[in-house]
Amino acid sequence: MQKNDKKVLTIKSNFVYNFYVLTKNNIKLILYSVILILTTAVVFKVNFCFADTSVFYARIINPSTMLYEMPTLESQPLFKLPQTYFVEILDKENDTFYSARFCDIQGFVKIGEVQFVKNEPLNKFPKQQFVRAVDKCGLDLRSSPTTVLGTQNILKVIPYLYNNIIFYGFVDGEDAIPQNTRSWIFCKYVFNEEKTNIQTFECGFLYSFYCDNFSPKIPNNTELSEVIEAPSFEKIIESGGPGNPILTLSPVIQGVVVVALCLPCLALIYFLRKPTKLVHEQNIATQKTLSSKKIKKSKGSDYYEID
């Protein structure tokens, strides 16, 4: 065996021995620390939730299906989803809405207006379209499809003929030009910050009369997909939950409860450690007594011996 190999084995043996000694000498402390942690967890009844993390896709089967901003019927619709295409279903929000994602826009869809499919579709979303702003004074990007609020809902002003604007869909809003159209576009305005030159974006609504370069009609998706039953989206809770009375207390009271539970355990750990410490101190005192019984001292030519 090589010299280096022996050195490595020696280092490993020393490490294992030191770890063994450390564990053996502190086994009580380790065990009761574990008991302390488990006691706190039991009192607070830590939740263990298991949910299906699979990604689900659903086909849009209703020609008037909207992607909503919030999971309520009174919420502002963002845009109409293209029939025959798909949305990614994230969760069941309530009895009326699923949490869903279309392209990179997250919102909510009505439960009865989509149909789950077995596998991930090849063509989930339509081909990306861009629109161009053609208002010579600059086109206002707004947080809602109306001009009634004046400047209050203006997010950005898009320059004339700017075309890095991603189109998502149409939504009805205010007829900003009387007797013209109520059609607005939900879009993503992509631009560079003036100071940092870092690319960023802002999503909002544009009045469609001042936009061009987009196709108002999206071709149907003829992809065939196997239909499945809607998943339950139910979470399994092992213990605890919203009804746990401890969790309803204020943070200060919870802290007091934790301290009150920890003190007896800490006292128990102390009294378990104390005998070991006393024995160690007694051994040291005994060794000192034995070593001091006979002291030899040489000073020059003199010799002293003390019994």
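Buried here means under 20% relative accessible area, exposed means over 50%, and partly exposed is in between, with a 1.4 Å probe and protein chains only.

Some ground rules. This is a predicted model: local features need pLDDT of at least 70, side-chain atom pairs count only at pLDDT 80 or more, and totals for chains, interfaces and linings use all residues. Residues are numbered from 1 along each chain as its sequence is written, and side-chain values use heavy atoms, with hydrogens and water left out.

Back to T65. It sits in the loop between strand 2 (56-60) and strand 3. Helices (H or I, at least four residues) and strands (E, at least two) are DSSP runs, numbered from the N terminus. The T65 side chain reaches the backbone oxygen of N62 at 3.1 Å. A polar contact of 3.2 Å joins the side chains of T65 and E113. Polar contact means a pair of N or O atoms within 3.5 Å; within protein, one must be able to donate a hydrogen and the other to accept it, and residues adjacent in sequence count only if both atoms are side-chain atoms. Leaving out residues up to four places away in sequence, T65 touches I60, F79, K80, L81 and E113. A contact is heavy atoms within 4.5 Å.

Next, strand 2. Five of its five residues are buried, so strand 2 is largely enclosed by the rest of the structure. Four bridges join strand 2 to strand 5 (residues 86-92), antiparallel. Four bridges also join strand 2 to strand 8 (residues 114-117), again antiparallel. Strands pair if DSSP finds at least two bridges between them. Look at Y57: its bridge partner in strand 5 is E88, and in strand 8 it stands opposite V117.

Now strand 9, residues 129-133.

On to the rings. The protein has 16 aromatic pairs. Rings of Phe, Tyr and Trp (its six-membered ring) pair if their centres lie within 6.5 Å; planes under 30 degrees apart are stacked, over 60 edge-to-face, and the rest tilted. Y168 and F186 form a tilted pair, 6.1 Å centre to centre, 50° between the planes. Y168 lies in strand 12 and F186 in strand 13 (residues 183-192), so the pair ties together parts that are 18 residues apart in sequence. Both are buried. Ring pairs link F79, F102, F125, Y168, F186 and F205 into a cluster.

Last, confidence. pLDDT is the predictor's confidence in each residue, from 0 to 100. The protein's mean is 77, and 59% of its residues reach 70 or more. Over residues 46-52 the pLDDT is below 50. Where pLDDT is low, the predicted coordinates should not be read in detail.
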